[in-house]
Amino acid sequence: MKLLNRNYCWLVSLLLLLAGCGMFPSKIMSPDSQFAQVQDDFMQRLRWRDFQGAAQYFSETHRESFLQHFRESDDLNITDVRLLTTEYAADDERMETEVEVEYFLLPSVTVKTFRFEQQWGFFRSGEKLPGKWRITSHFPEFPGFESP
């Protein structure tokens, strides 16, 4: 019985150690390797009409403007969002992208295409802490869509 308790303690200790190691990333990803995930999530949130979630990717100065744009957007339906181009800056902490959105405005069912450019910046929290990508440009208004 004593041997069983000792083995059980070792097993629990090992599991706790392994679980603790999994909480810390072995390598902090570079800004350019993080960007694809961030951009994909932003575009997916637009597709799903999760404007609150998409707003998290805007810098503080542009976040409220973005939310105001979509506050009463019941007639706006986004069918697809695609990344057309990505241009990295030499310092890998700035991006310029071109995005294409397909949408329609009820009561019409005619799908329209809207292209716009976005500027992104990488903001570091500290030297050894991971940073975050934020959109640093204003979100343009959809043609034909009147925001409040």
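Colleague: Why is His 138 counted as partly exposed?

Modeller: Partly exposed means between buried, under 20% relative accessible area, and exposed, over 50% (1.4 Å probe, protein chains only). In this predicted model, His 138 has 47% relative accessibility and therefore counts as partly exposed. This is a predicted model, in which local features need pLDDT of at least 70 and side-chain atom pairs count only at pLDDT 80 or more, while totals for chains, interfaces and linings use all residues. Residues are numbered from 1 along each chain as its sequence is written, and side-chain values use heavy atoms, with hydrogens and water left out.

Colleague: Where does His 138 lie, and which residues does it touch?

Modeller: His 138 belongs to the segment after β4. Setting aside residues up to four places away in sequence, His 138 touches His 62 and Ser 65, where contact means heavy atoms within 4.5 Å.

Colleague: What makes the link between the side chains of His 138 and Ser 65 a polar contact?

Modeller: A polar contact is a pair of N or O atoms within 3.5 Å; within protein, one must be able to donate a hydrogen and the other to accept it, and residues adjacent in sequence count only if both atoms are side-chain atoms. The side chains of His 138 and Ser 65 are joined at 3.3 Å, which is classed as a polar contact.

Colleague: Why does Leu 84 count as partly exposed?

Modeller: The relative accessibility of Leu 84 is 34%, so the residue counts as partly exposed. Leu 84 is part of strand β1, a strand (E, at least two residues) being, like a helix (H or I, at least four), a DSSP run numbered from the N terminus. Beyond four places in sequence, Leu 84 touches Glu 98, Val 99, Glu 100 and Arg 115.

Colleague: How do you know that β1 and β2 pair?

Modeller: Two strands pair if DSSP finds at least two bridges between them. β1 and β2 (residues 94–105) have 11 bridges and pair in the antiparallel sense. Glu 100 in β2 is the bridge partner of Arg 82.

Colleague: Why do β1 and β4 stand at the edges?

Modeller: The open sheet has four strands in the order β1-β2-β3-β4, with antiparallel pairing. β1 (76–88) and β4 (132–135) each have a single partner strand, so one side of each lacks a neighbour in the sheet.

Colleague: What is the confidence in the protein?

Modeller: The mean pLDDT, the predictor's confidence in each residue from 0 to 100, is 83 for the protein, and 74% of its residues reach 70 or more. Confidence is lowest in helix α1 (residues 2–22), with a mean of 64, and highest in helix α3 (residues 51–55), at 95.
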